[in-house]
Amino acid sequence: MAKIAKVAVIGGGSSYTPELIDGFITHEEEVQVGEIALHDIDPERLEIVGGMVQRQVHFAELDTKITLTGSRQEAVEGADFVVSQIRVGQMAARILDEKIPLKYDVIGQETTGPGGTLKAWRTIPVALEIARDVERYAPGAWFLNFTNPSGIITEALLKHSNVNVVGLCNNPINMQHMIAEALGVRDEQIFLEWVGLNHVNWVRRVYLDGQDITGRMIDLLEMAGDEFPFDPELARTLGVIPTWYLQYYYDHPHKVAEAKAAEKTRGEVVREIEKALFEKYRDPNQMVKPPELSQRGGALYSEAAIRLMLSLLLDRRDVQIVVTRNGGAIADLPEDVSVEVPCVVGAHGVIPLNMGHLPETIRALCQQVKSWESWTVEAGVTGSRRAALMAMLVNPLVPSFEVARALLDEMLEAHRAYLPQFFPSGTPSPE
Ligand code: G6P
């Protein structure tokens, strides 16, 4: 049994929080948490979600104290784990990220393309502030970053703070689960050689009980429908299995047309899902995570979080796919950038497996997207216009310098209120 004295959740008023708590309930035989401190800057959301969480814990008879606080220092102080799941500018900002790029025939998406860029820029200053609090009030704590774009935020924290950060996403375990389900086997029988960056990754090889079944998997995935939205010939041409977010790169014009034709953006849909969820959270008779939560894309992220916590605490030294410092794990990328690869996780921390060179079929795209991520970090930290323009320009979904500059200007202006690094005294920095 692992014991955790305190977990701090920054962005605790998120509609996802009951999912995290449900994870602790599901794993109550393996882990006991003394206190979960929820922090949020929105007192109303904190109260509603906090009330739900208190009922969940009470109903499950967990011996865990739930604290609700508007003070980040209080939340973080003495925590063993700090989970970050913030959304700076909330859903309204996401919807702008989704809509503005479409005017330029570029996809609007919260983690990909210009939308991901702006979300990163809004988030980086706040993520670094949280990191300063963790350095000060919980030195040695593990900082689990779920905040999107997870790869970019994790890279900003790796390069510009001293916290022990690990970036997390639910995609790898979902992919493992989907493959296991398609084959009718247990998840643990599947091992994925996962290479790339967060939301820009490929499964290079799939093993079932140690046997390489990549070819068979490619044939099977053709039948997976929406969960595998690619032309079967693409996977065969690449020789590796692309994962869900790569459709924005391999099928960009089609995704743009689809988004333009849609009545609502994903953010607008999520806003409605959240409305229904908050109704449930307010209901004093609601004792467990409502099923509607599965309509959010991050469902089951608690599994990734708790698995990681358990291995760090219990020195399990198992292999998990997380976002960490490259350090040479992918030979084709710089050492100091973030990558999403299989890592050995134990009391020592997180050590990535050496994945060597990327196949020629995917290398250039991965390098180019990484260049976008790193320019995005640089601009997000410094507020430099040149770095910001480079970030827009180098993104593979942005077709020209003219579009890059127009997108930059329009999107900076739209999000001005959340971009102190670009508008320190109300005017953009010249360099
Ligand atoms: C997936 C991604 C997450 C993302 C989520 C979006 O699970 O891996 O990074 O946050 O989808 O879900 P939403 O319900 O907000 O569209």
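A salt bridge is taken here as a side-chain nitrogen of Lys or Arg within 4 Å of a carboxyl oxygen of Asp or Glu. By this criterion K103 forms a salt bridge with E410, with the closest N and O atoms 2.3 Å apart, and the count between domain 1 and domain 2 is two salt bridges. The structure is a predicted model, in which local features need pLDDT of at least 70 and side-chain atom pairs count only at pLDDT 80 or more, whereas totals for chains, interfaces and linings use all residues. Residues are numbered from 1 along each chain as its sequence is written, and side-chain values use heavy atoms, with hydrogens and water left out.

The domain assignment, automatic or taken from a database, places residues 2-168 in domain 1 and residues 361-418 in domain 2. The C-alpha centres of domain 1 and domain 2 lie 25 Å apart, and the contact between them (heavy atoms within 4.5 Å) takes 31 residues from domain 1 and 26 residues from domain 2.

Buried area, defined as the accessible area (1.4 Å probe) that two parts lose on being put together, summed over both, amounts to about 2,300 Å² between domain 1 and domain 2, with carbon and sulfur atoms giving 75% of this area. Of the area that domain 1 buries against domain 2, 28% is supplied by Y104, W121 and I152, more than by any other three residues.
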